[in-house]
Amino acid sequence: MSEGEEKAVALEKELDPEELRIPEVLPLLAVRDVVVFPYMIITLFVGREISIRSVDEALERGRFIFIAAQKSPAEEDPNPKDIFEFGTIALIMRMLKLPDGRVKVLIQGLERGRIREFTQEKPFLAVRVERVAELPAPELNLELEARIRNVREQLEKMVSLGRVVPPDFMMVIENINDAGRLADVVAANLNLKIENAQQVLKTMDPIQRLTSLNEILGRELELLTMQAKIQSQAREGITKSQREYFLREQLKAIQGELGELDERLSEMEELRNKIKAAKMPREVEEEAEKQLTRLERMHQDSAEATVARTYLDWLIELPWSKQTKDFLELPQAQKILEEDHYDLERVKERILEYLGVRKLKQDMRGPILCFVGPPGVGKTSLGRSIARAMGRNFVRISLGGLRDEAEIRGHRRTYVGALPGKIIQGMKQAGSHNPVFMMDEVDKLGQDFRGDPSSALLEILDPEQNTNFTDHYLGVPFDLSRVLFIATANLLDSIHPTLRDRMEIITISGYTDEDKLNIAWKFLIPRQLDANGLKPGHLEFSDKAMKKIISQYTKEAGLRNLEREIAQVCRKVARKVAEGEKGPFHIDPHFVEKLLGPPRFLPEEEEEQDSVGVSTGLAWTENGGDIIRVEAIIMKGKGELILTGHLGEVMKESARAALSYARSRADRFGLNGNFYRESDIHIHVPAGATPKDGPSAGITMAVALVSALTRIPVRREVAMTGEITLRGQVLPIGGLKEKTLAAARAKIKEIIIPEQNLKDLVEIPRYVKKQVKFLPVRNVDQVIAIALRNKIKAGPSQPRKASQNISSGNVQKVARARRACNR
């Protein structure tokens, strides 16, 4: 470049831009990856047709051409917005056409220019150029000399760090004292980024141009320093690896002389024997042999060897061919199930059905069950009982709060600390490939940016797909088709619909007080006596004491709190025994209060008499069934409907539907047609701090409202559940068993249910049916006829009696249904 610089200096004397007649309109040559500066001589290879036409046009017009850089080098057909505004007016010194169609031109930059407008775009680019005059170079002073010296020093450092510059470049800049010229020469020869070079080109003030270049050189110097540091570290790493290699080879030779090398060989041979003993599928065994061969070639202290060894350990320890023999004696299995759990007939029947089919068909795939019910009803313990009845191993994992898909499918081995997912870990823990595998809290799976665990379970819980389940860590298929999967959940709504479709849903409802009493005598009390070191002679519960604990110290569908209260009683008695008091201790209702304190849950107060505007409904909650009171009062007002009690949108809609029904039957109920305009109606559901929602309170609200309007009291011994429509129809509801158990606990004698729910009575225990009378209905007229103490007197415009609203055919159907459901 020194020769080129000398040429530039010589040409500067010969070609002074001020003396040249440069046209105002010039052909434009758009260049890529380079910025041409004044007095710079450079060779360009022109290949685009539009650029070749620009060169030809310039040669015809006196060899002057305007050169500007493209903003994007990838643009093949640039338009005016793709080209920088500032460029250089240049002179074509020499042109040579090459055999491949390109043109080689030697050009010299003359002076800076600025594009004012594009005069044409086809067949070549032409622009109107404004010649930009540089500011005069300032006199050399201390500050300017310091800036020039700083640029030279930075260039020397860059060259020392490996930056390649043209030969004799440093000698040329030592002889340049003009600030503007120095900035141009340095920027032209350092291959700067287009944006940085363009910034230098468009700066007219020489001092400012040199300052801008100084900042650019500073950033480049920092990058070169960091690059040199990285390269040095890499060289040190390579040197260290080579040194470790030679030391390992020497150590291997020493170990060979001492006979210690045989331990390594024996370890590899032991792994090979374990691979064969695991009886893996052929595909898996080939992968294990491949990893073992890699491990033999690695040094035992390397990180890769640790990863390979851990992977082989997982493959070897998984139960590829190990299985337990199913216990297929159905009477004995039924006996075990009866020993461990009270009631739950449907679940026990399903397991015995599976064992029966398994006895007839050996290659049957395992079912996928989902137990749904309130907390504490025995879902998890039922899984252990099933495993014991079948003679299988039992393994349990909890999915509550799981958000990362890798917790199910495993992490890939490329990650540090990678492990298989919970499914493969559970199979290793089980020790056989046909265990009872329980997945607790499947309804509490989460989802975030790390994936959707519910979707990952779709493959696992699909009998058509889980024969080749591939964990990300293992990378080989594992057969899960022999596993008996059991999931548990408190709610079905929060389970992904597709996942719910994969499973056979079995609902486990709550227990009645009678059930809890039997379970306490049979299971809970003996277990807590043993857990607290007591003998049967130390402690005796009376029936009344147990009933008091059940009804006044717990309020749940399950048994957890009941067992806690029994455990508390046992602990207090154990303390007395440890202090030397002699038993036996007889636990009666009075002693219960002394040990456990005052009752926590008082029984629902029975209405002393039938009340106007108060009806009893049945509700379903996560903890089982419950009863609710609905109150309605009528006040003078302007027709406002007031709803309180923390009601949800569905219950509010049921209240509005009940009001519309009452308005449509105003004549039948003997009401003034404008009653709703002259009165405010307030409907309240007590326990306002508890949110309430659901459609099944529709008929309860309708009865309370009609009772308040007609001033006829509601029968206090009747509870009801059902959804209401505007036409007065009663639609079916869910959770009938849980609601019925709640009614039995509350000593309710009669329950009004939708007629379409008669089919659900088969799930209700027989002894509960003896306590409660079911009254099926089809419309609200029938509900009101049953629920209200007295018949409604029809208004003058509708003289029919309320009983006439039910056709004789319907009456007969209802009577038959009542007899059937109460048998």
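Gln 528 is buried, with a relative accessible area of 11%. In this predicted model, the residue belongs to helix α18, which spans residues 513-531. Apart from neighbours within four places in sequence, the contacts of Gln 528 are Glu 563, Ile 566, Ala 567 and Cys 570.

Ile 148 lies in helix α3, residues 142-160. Its relative accessible area is 2%, and Ile 148 is therefore also classed as buried. Setting aside residues up to four places away in sequence, Ile 148 touches Leu 140, Ile 176, Asn 177, Leu 182 and Leu 210. Arg 358 is 210 residues from Ile 148 in sequence, and the two C-alpha atoms are 93 Å apart in space.

Helix α21 covers residues 589-596, and its residues Phe 591, Val 592, Leu 595 and Leu 596 are buried. These four lie on the same side of α21, because the arc they cover around the axis is only 115°. In an α-helix there are 3.6 residues a turn, so residues three or four places apart point the same way. The buried residues of α21 pack against helix α19 (543-552), helix α20 (560-578) and strand β15 (585-587). On the face turned away from this buried side, α21 carries His 590 and Lys 594, both exposed. Just after α21 comes Gly 597, with a positive phi of about 90°.

Terms used:
Residues numbered from 1 in each chain as written. Predicted model: local features only at pLDDT ≥ 70, side-chain atom pairs only at ≥ 80, totals over all residues. Heavy atoms only, no water. Helix = DSSP H or I, 4+ residues; strand = E, 2+ residues; numbered from the N terminus. Buried < 20%, exposed > 50% of the residue type's maximum accessible area, 1.4 Å probe, protein only. Contact = heavy atoms within 4.5 Å. Arc of directions from axis to C-beta.
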